Amino acid sequence: MAELVMAAATPHNPLLWRAMREPMPDDLVTVEANFRRIREAISDAGVDTLIVLGTDHVRQFFSDNSPAFIVGKAASYHGTYENEVRTFGMEYAELTGDPELATQITGREVLPETIDFSVSHEWRLDHSFVLPLQYVRPELDLPIVPIHANSILPPLPTAARFAALGHHLRTAVESWDSDARVGLLTSGHMATDVGGPRTFNGSPDPEFDAEAVGWMRDGDLDGAIAGCRFDRIMAAGNVTYQYVNIVAALAAMQGRPAELAEATTSRFASSPFFLWRAAS
């Protein structure tokens with residue numbers, strides 16, 4: 001059977017693509033080092049295929065039809081949008097899909113009991129999927145199953161639903177009749193405000209960041225679910241809800257403490273970096 005061999009979470013701030021260049025600015029040295037640490041973990045774990053959990057930024061999925069969780073079942077994907085290339089200098093990407101694993105996650109004929117997934121057979125991936133991959137697997141040679149979790153357009157799934165997603169991903173992988181070594185890569189934010197007076201002023205809510213790091217460092221899944229209330233997270237910043245993607249990773253790794261748990265400071269809002277490896 002297949003095995004979930006690691007999980008990781010990174011930021012997907014597209015501004016990093018222009019700023020993180022050699023010679024590396026002092027404030028981004030640790031950010032670059034943490035991306036490199038996760039890149040090495042993926043290589044060391046011998047990952048064959050990646051589940052990539054992110055949040056589309058109202059590019060592929062709009063308010064006229066915004067499912068909570070969408071699984072990509074395509075054989076290939078195009079990545080990034082023209083404005084992301086123009087504004088952030090990002091590079092277009094071509095990615096191979098893993099329809100067999102996607103079907104294992106969604107069910108072939110009947111949806112799983114835990115999550116009412118939507119599926120997509122045609123999908124252009126935005127920076128929340130492409131940018132983390134370009135840093136942790138720049139070869140872009142691993143097949144992927146993208147999963148969009150709606151963390152932008154209310155009503156949003158609760159943190160408990162994200163935990164259910166994580167549990168389901170582990171179960172789906174472990175029941176897959178394959179010898180594949182599967183990794184889970186997700187991305188999001190710590191406390192982050194975009195477009196308002198709290199932009200570019202460091203973390204808008206250091207207390208939230210400290211608490212959110214602690215849930216992952218201590219393996220406190222119940223605390224993470226209880227702490228990720230909509231009102232609390234929105235008080236920490238208008239796009240902070242994408243932190244909840246990381247709750248799914250904690251659940252997928254059975255609530256074990258992360259070996260890397262950090263809200264890395266820089267000129268931008270703090271960056272999430274979390275890493276779990278399979279128990280030996």
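Helices and strands are DSSP runs, numbered from the N terminus. The model shown in these views is predicted.

**View 1. Asp56 in its loop.** Asp56 sits in the loop that joins strand 2 (49-54) to strand 3 (69-72). Asp56 is buried but has no salt bridge; Arg59, the nearest side chain of opposite charge, is 6.1 Å away. A polar atom of the Asp56 side chain lies 2.9 Å from the backbone nitrogen of Arg59. The backbone nitrogen of Gln60 lies 3.0 Å from a polar atom of the Asp56 side chain.

View 2. The cavity count, for volumes of 30 Å³ or more, is 1. The volume of the largest cavity is about 40 Å³. Its lining consists of Asp56, Val58, Phe61, Ser66, His148, Asn150, Ile152 and Leu153. Sorted by class, these lining residues are 4 nonpolar, 3 polar and 1 charged.

**View 3. The salt bridge of Arg59 and Glu84.** The side chains of Arg59 and Glu84 form a salt bridge, at 3.6 Å from N to O. This pair links distant parts of the chain, 25 residues apart: Arg59 is in the loop between strand 2 and strand 3, and Glu84 is in helix 3 (residues 82-88). Arg59 has a relative accessible area of 24%, so Arg59 is partly exposed. Glu84 counts as buried because its relative accessibility is 0%.

View 4. The side chains of Arg86 and Glu82 meet in a salt bridge with an N to O distance of 4.0 Å. Both residues belong to helix 3 and are 4 residues apart, about one turn of the helix. Arg86 and Glu82 are both exposed.

**View 5. The salt bridge of Glu259 and Arg277.** The closest N and O atoms of this salt bridge between Glu259 and Arg277 are 2.9 Å apart. Distant parts of the chain, 18 residues apart, are linked by the pair: Glu259 in the loop between helix 10 and strand 10 (260-264), and Arg277 in strand 11 (residues 271-277). Glu259 is partly exposed, at 39% relative accessible area, and Arg277 is partly exposed at 32%. A network of salt bridges links Arg37, Glu259 and Arg277.

**View 6. Helix 10.** In helix 10 (residues 245-252), 8 of the 8 residues are buried, so the helix is largely enclosed by the rest of the structure. Among the buried residues are Asn245, Ile246 and Leu250.

**View 7. The largest pocket.** The largest pocket holds about 460 Å³ of space. Of the 27 residues in its lining, Asn13, Pro14, His189, Thr192 and Val194 lie nearest the centre of the pocket. The lining has 12 nonpolar, 12 polar and 3 charged residues.

Methods:
Residues numbered from 1 in each chain as written. Predicted model: local features only at pLDDT ≥ 70, side-chain atom pairs only at ≥ 80, totals over all residues. Heavy atoms only, no water. 1 Å grid on protein atoms, 1.4 Å probe; cavity = no way out; pocket = protein on both sides within 12 Å on 5 of 7 lines; lining within 4 Å. Points joined across faces, edges and corners; volume = space filled by probe spheres on them. Nonpolar A, V, L, I, M, F, W, Y, C, P; charged D, E, K, R; others polar. Helix = DSSP H or I, 4+ residues; strand = E, 2+ residues; numbered from the N terminus. Buried < 20%, exposed > 50% of the residue type's maximum accessible area, 1.4 Å probe, protein only. Lys, Arg positive; Asp, Glu negative; His and termini not counted. Polar contact = N/O pair within 3.5 Å; in protein donor to acceptor, adjacent residues only side chain to side chain.
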